Amino acid sequence: MNRQFTAALVAAPLVVLSLAGCKPGGLLASQPTGISSAAQPAGSSSAPASTTTTEAASPPSTTRSTEATPSPSSSSSAPRSSSKTPAPANTSTSVPATQAAAKSCTDPVFTTSDPDGGWSDGGYYVHNNMWNQDEAGPETLYACSHDNWYVESTQRDTTSVKTYPNVHKDINNLRGAPVGDYSTITSTFAGRGPQSGIYDVAYDVWLNGVGQGQGVTELMVWTENHNQVPSGTKTATYSAGGVTYDVWRNDSGYIAFVARNTLYSGSVDLKAMITWAVGRGYIPQNPTVNQIGYGVEFCSTDNTPARFTLSDFSVTMK
């Protein structure tokens with residue numbers, strides 16, 4: 001799970017609290033409801049096709065531009081590594097999809113190695129977010145824009161989540177707005193990891209608050225998974241727009257829609273996913289949407305330098 005918070009226009013850092021356990025082993029297969037096939041051009045905002053759900057049998061620095069002063073973010077004392085034995089991951093091989101028209105950030109306007117370094121651009125905040133600083137190795141973020149940046153990271157071969165470099169949009173300075181106020185909440189994405197070590201590339205959506213707190217829900221959508229296992233147990237599947245996701249959840253307000261096949265780019269209908277989860281009783285009725293982010297959770301890069309690249313991100317709420 002990821003803890004991220006930032007004021008929409010006053011760039012504030014996100015703090016990621018992931019309960020997901022990093023565990024070498026098979027890939028998880030599942031695709032979050034609402035995400036269109038990665039073969040679809042990134043930037044397409046078409047809503048997904050009809051959705052189906054199925055119950056699954058589940059076991060019981062340096063900066064080249066001025067950094068904005070981050071708003072207070074909530075750091076959780078909860079460990080990001082999982083001490084429990086995770087449920088077996090689906091070992092089906094993921095099929096790489098065509099990546100969207102690649103952007104190349106060859107002349108960054110912002111660079112930081114600060115664990116909490118970040119940059120505001122166009123109503124979004126790009127954040128290095130090395131939240132687990134006691135365990136994290138070196139990491140540098142290079143940004144040309146909020147939808148064109150990359151991270152160079154070196155994380156040792158252990159199973160705790162170390163960092164969540166990401167871009168996110170804050171709604172009403174993190175106060176949020178009820179999901180029922182919007183007819184549309186969609187997002188486009190394009191990003192890919194290094195294909196080594198242990199990590200997941202994922203959306204992180206905060207509902208009814210950001211960080212720890214009564215009633216707060218963290219909803220993740222994993223678009224790429226490399227040897228990672230979500231927190232909790234697999235409780236259902238969700239399909240939309242030709243994509244199928246396994247849905248994992250725990251009793252601490254965490255839900256993860258994990259794509260069965262890797263999605264390097266595409267679009268996701270977040271409102272459809274939230275509405276589905278509300279209908280199943282996973283989330284309280286008409287929750288507020290406080291923050292929407294996308295990035296990579298690094299557990300390990302096998303102690304060698306690795307790169308995560310993001311080349312598209314947008315959020316549409318109307």
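Two strands pair if DSSP finds at least two bridges between them, and strands (E, at least two residues) and helices (H or I, at least four) are DSSP runs numbered from the N terminus. These close-ups come from a predicted model, in which local features need pLDDT of at least 70 and side-chain atom pairs count only at pLDDT 80 or more, while totals for chains, interfaces and linings use all residues. Residues are numbered from 1 along each chain as its sequence is written, and side-chain values use heavy atoms, with hydrogens and water left out.

**View 1. Strand β10 and its two partners.** T186 stands opposite T316 in β19. Strand β19 (residues 306–317) runs antiparallel to β10, and eight bridges join the two. With β17, β10 pairs in the antiparallel sense over five bridges, and here F189 stands opposite G266.

View 2. Strands of a sheet pair through backbone hydrogen bonds, either parallel or antiparallel. This open sheet has the order β3-β6-β7-β19-β10-β17, with antiparallel pairing. Its edge strands, β3 (110–112) and β17 (265–269), each pair on one side only. Neighbouring strands are turned by 20° against each other on average, direction ignored; axes are lines fitted to C-alpha atoms, for helices over the stretch in contact, and angles run from 0 to 180 degrees between N-to-C directions.

View 3. Contact means heavy atoms within 4.5 Å.

**View 4. Aromatic pairs.** A search of the whole structure finds 15 aromatic pairs. Rings of Phe, Tyr and Trp (its six-membered ring) pair if their centres lie within 6.5 Å; planes under 30 degrees apart count as stacked, over 60 as edge-to-face and the rest as tilted. The ring centres of F189 and Y294 are 5.5 Å apart and the planes stand at 50°, so this pair is tilted. It links distant parts of the chain, F189 in strand β10 (residues 185–192) and Y294 in strand β18 (residues 288–300), 105 residues apart. Both F189 and Y294 are buried. Y238 and F257 also have ring centres 5.5 Å apart, but with planes at 80°, so they are edge-to-face. Y238 and F257 are both buried. One aromatic cluster is formed by Y124, F189, Y203, Y294 and F313.

**View 5. Arginines over tyrosine rings.** R192 lies over the face of Y264, at 3.7 Å from the ring centre. R307 lies over the face of Y150, at 4.0 Å from the ring centre. A charge sits over a ring if NZ of Lys or CZ of Arg is within 6 Å of the ring centre and within 35 degrees of the ring normal.

**View 6. Confidence along the chain.** The mean pLDDT (the predictor's confidence in each residue, from 0 to 100) is 78, and 68% of residues reach 70 or more. Over residues 6–19 the pLDDT is below 50. It also stays under 50 over residues 23–101. Where pLDDT is low, the predicted coordinates should not be read in detail.

Note on methods: Buried < 20%, exposed > 50% of the residue type's maximum accessible area, 1.4 Å probe, protein only.
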